[in-house]
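Colleague: I am new to this structure and would like a close look at a single part. Please keep the account plain.

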Amino acid sequence: MPRVSVVIPAHNAAPFLPAALSSVAAQTFTDWEVVAVDDGSSDETWSILESAGPRVRAFRTLQSEGPAAARNRALAEVTGELVAFLDADDLFLPRYLESQIACLESAVKSGRRIGVVTCDALLLEGDDYAEHTYLDWVRDRDRPLTLDRVLRRNPIYISSLVPTEIGHFVGWFDPELFGTEDFGLWLKILERGFEAILNPEPLAVYRRHTGTVSSNIARQGANNRRTYELALARGHLSARERRIARGAVRYNRAMEAVARARFAPCRPRSLAQLVSMMPLLVWVVLTNPRWWSQWLAILRTGRQPPAANPQ
């Protein structure tokens, strides 16, 4: 059995998938398998996976069920004691597995119960790398990855390493979530008393483009809200953590409503629209005054600035 199973969900990912697979093949740590799922693609994704070689085990669904369901389908087939997640449009840098496993082993030797090892990532926008990294972008590099901290703002990048038995224990991904299913998993792991730790090296490449799930603010707000609602329903949060989660539900409800109001650049379509949104906006400002400048940016442009929400 391989030590690590790399899980790749792929939906119409043909332009990016060969590079993602090549980035796994280039790892300095070589005891791995890839378990990939073609999530109902209509392009050449399946033919790429079929011809990827014996270390890639590929499965497919006839219609798209979303990234959470695709990952869960792959996770039902993994054989490694560790799982590393890679989106089909992202990349591992060559030392990703070697460095992440070393970070995990060092922490475990000291007696810590580690559920997630995350890392920093380079940002690739089109053909150009940004001057800042993923953790610079989400503005949360130096604080411990406690449940309290992650509830306030999730800095854990999807290309993280999770012990397989812990993922099975907490139940992996919630299929109803779309685009926030990874955040939901990190919360489930932390809620059960496992630690998340940060390997500060940039070990992956996060490709940002308009086709990513996070590009739709209204949908992101709805799924963020549902992620917090599920955390509240599971019943593992402390009183303080419940207050944080309830505030985030209000915030993301407002994000969803403002985005659906379809504000035109520079001003709302009508004064009536702005007036109708004021109770939600006031609610958000009272929940956390630090967000007021970000909401002004959404009102002016109709777009979300970087790190404008807790997720």
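Which residues of α3 are buried, and what covers them?

Modeller: This is a predicted model, in which local features need pLDDT of at least 70, side-chain atom pairs count only at pLDDT 80 or more, and totals for chains, interfaces and linings use all residues. Residues are numbered from 1 along each chain as its sequence is written, and side-chain values use heavy atoms, with hydrogens and water left out.

The buried residues of α3 are Pro67, Ala68, Ala69, Ala70, Arg71, Ala74 and Leu75. Buried means under 20% relative accessible area, exposed over 50%, and partly exposed in between (1.4 Å probe, protein chains only). Helix α3 spans residues 67-75, and seven of its nine residues are buried. Helices (H or I, at least four residues) and strands (E, at least two) are DSSP runs, numbered from the N terminus. The cover over the buried residues of α3 includes β1 (4-10), β2 (32-39), β4 (82-85), α7 (164-170) and α8 (181-191), where contact means heavy atoms within 4.5 Å.

One of the buried residues, Arg71, forms a salt bridge with Asp87 through their side chains, at 2.6 Å from N to O. This pair links distant parts of the chain, since Arg71 is in helix α3 and Asp87 in the loop between β4 and β5 (91-92), 16 residues apart. A salt bridge is a side-chain nitrogen of Lys or Arg within 4 Å of a carboxyl oxygen of Asp or Glu. Arg71 has a relative accessible area of 2%, and Asp87, also buried, has 18%. The whole structure holds 17 salt bridges.

Helix α8, part of the cover, contains Lys188. The side chains of Lys188 and Asp174 meet in a salt bridge of 3.6 Å, N to O. Asp174 lies in the loop between α7 and α8, so the pair ties together parts that are 14 residues apart in sequence. Lys188 is buried at 6%, and Asp174 is buried at 18%. Salt bridges that share partners join Asp174, Lys188, Glu191 and Arg234 into one network.
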